[in-house]
Amino acid sequence: MGLFLRPLFLQFLISATFFFSSLCFADEAMFGYLYTTDTLPQGHWEYEQVNTLRTGKAQGNYLSFDLRNEIEYGITNEFTGSVYVNSSYIFTDNVYNPEMVSMNLPNQNGYNVNGVSFEFKYRVLSPYLDPIGLMFYAEPEISTRDAMTGLDVIERAVEFRIIAQENFFDDLLITSANIMAEPEWEFEDGMASKELWMEFTTGATYRVHPNWWAGLEIRNHREFTDMDFGNQEHSAFFLGPNVHYGTQKWWATLTILPQIFGEPRILGIGANGSVIQDPNLHLGQHEKLEARLKFGVNI
Amino acid sequence: MRNRNLELIMLGLTVTTPLSITVKAEVYFSEDQVVKSIFPDETFQSQWIELTDAEVKSIEEKSGERVRDRKVRVWKSSSGNIVFIDRVIGKHDYITYAVGINKTGKVAQIEVMEYRETYGEDVRKPLWRQQFVGKTDSDPLKVNHDIKNISGATLSSTHLTAGVRRILQTYENVKTKS
C-alpha cells in the first residue's frame, strides 16, 4: 500500500463515518484561509477537517498535502476552544532547501504527523447585533516536523489573530479581515532561531443561492528573521476564489489560492549551479498554488 | 499504477461524499394548519396582494427593512383578523413563518413554518414567540430591546424580529385591500 494511500484512506474513513452516521448540525467556515467571528454555541462539539494542497517550486517537483484534523467545543456562546493534529504527505524530487538553496532537500514520498495545536477564539462583538463583529484568536502550536521541508525540527509558535467581520444586504454578503502575528522559535540540528510571521487576509463571500456562497480571498504573508521588522525575509500575495456549501447537517468550503506576486524572486544558486528564481513569485517558503478544502460536522 | 488509481478514487470519494448527502426540509406547518393554529375558531380565505410602489416605499421607510417580495400572501377572516405568510433570510435558506394580527392591529401570535438552520430551533419555542404577542406597529421590535436574543441563533432571531416589524407596517397598508 503506497504511503500516499494511507492518509487518504484514513481521511475517507473519517469522512464516511461522520457523514453516514447522520450526526447533527455544524458550525461553518465560510472561507478557506480567512476567519469570521462565528463561534460554536455553548455545549456543542464539532469535527472539522482541513486539507491543503501546496505545489509548484522554481525547480524540481514539490507537492505537499497538509491534513489537519480538529475537534472544537463551544465553552460558552462567545468562547470556543479546539485541538488539532497536523500532518502532511510530502513529495519532493530534486527540490532545493528553501533555508539554503545551494542544497537540495532529500527526495521524499511520505506521510507523517507534524505536531499539535490548540485554538482559542473569543468573540467580543457580534456582526448581527453590533456595528461590526470582532474576535480575538490565539493558537499555540508545537511541531516536530517542518510542514514545508519534511525535515525533523522542534518548532514552538503562537499564532495571534484579530478578526473583524461586517455583513451587508441582510447578511447575504459577508466581509472579513484578519491580522495575524505568529512568533516562532525553531530548534534544528542544535541551532536555535526565531522568526515572526505576519499575515493580512481579507475577502468577501455572497450567498448566490440558498446554501451556496461564492467569493474571493486575498492573503499577504510576510516573514521577519529574528523577529525584526527591518529584516523581512519574504513577502507573498495570494488571490483566488472560494465556494462554500452549507446545510443544517454539514458544510464544505473550497478555496483555490494561486500566488500572484512575491519577493524575493531570486533565491540563490542551486545545487546544480543554476539560479533558483521566478519572474514574479517568491518560491522559497511558498509555492505557486495552494488549494484548501475544509469540511465540518457536529458530533 | 493500481495504487495510483485507488488513490484517485479515494480522493474523489473524499471530495464528493459531503456533496452526496441530501437534507430533508424541516416543514412544521402548511398554510391551512398555521392559520388554524393561530385563530382556531374562524374561517379564513387566502389571497395574494400586490404592493404598489408607494406602499413598498412607505413600508420600507417605517419599518427600516427592505421589501423583497412585492406579492404578499394573506389569509383574511370576515371579522378582520389576518394571517400573513412571509419569509426572511436565514443563514442557509429562507425561514418561512406566519404572523397573525387581530382586527385591532396587535400580533395574536407568530409561528415558524419552515426552518432549516443549523442552530436556533428555540425560535419555534412558545416562550420566545410569546414576546411578539400584543405588539403593534408602534413598538420598536428590536433584538436586545423588546425582544430577547437567542444565543447561537442571533441571525435567525434578528431576521425574524425584523420580519415581524415589516409585516406590522405591511398590515397597515393592506388591511382594507382586497
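Begin in chain B of this predicted model by selecting B:Val83, B:Phe84, B:Tyr97, B:Ala98, B:Val99 and B:Val164: these residues have the most contacts inside the largest nonpolar core, a set of 40 residues.

Next, colour the elements of chain B that each supply at least two residues of this core. Two helices belong in the selection, H2 (31-38) and H5 (154-174). Among the contributors, H5(B) gives the most to the core, with seven residues. As a general background, nonpolar side chains in soluble globular proteins tend to be buried together.

Now centre the view on B:Ala98. Which residues does B:Ala98 touch, leaving aside those up to four places away in sequence? The contacts are B:Val34, B:Ile38, B:Val83, B:Phe84, B:Ile85, B:Ile110, B:Glu111 and B:Met113.

From there, move to a second, separate core, which has 14 residues. Select A:Phe31, A:Tyr33, A:Met135 and A:Phe238, which are included in it.

Finally, display chain A as a whole. Its secondary structure comprises one helix and 16 strands. The C-alpha trace spans about 60 × 45 × 35 Å along the principal axes of chain A. The radius of gyration of chain A is 19 Å, in agreement with the value near 19 Å that a compact globule of 299 residues would have.

Definitions and conventions:
Residues are numbered from 1 along each chain as its sequence is written. Chains are lettered from A and ligands numbered from 1 in the order in which they are written. This is a predicted model: local features need pLDDT of at least 70, side-chain atom pairs count only at pLDDT 80 or more; totals for chains, interfaces and linings use all residues. A nonpolar core is a set of buried Ala, Val, Leu, Ile, Met, Phe, Trp, Tyr and Cys residues joined through C-beta atoms within 7 Å. A residue is buried if 20 or more other C-beta atoms lie within 10 Å of its own, exposed if 12 or fewer, and partly exposed in between; C-beta atoms are placed from the backbone. Helices (H or I, at least four residues) and strands (E, at least two) are DSSP runs, numbered from the N terminus. Two residues are in contact if their C-beta atoms, placed from the backbone, lie within 7 Å. The radius of gyration is taken over C-alpha atoms; the globule rule is 2.2 Å times the number of residues to the power 0.38.
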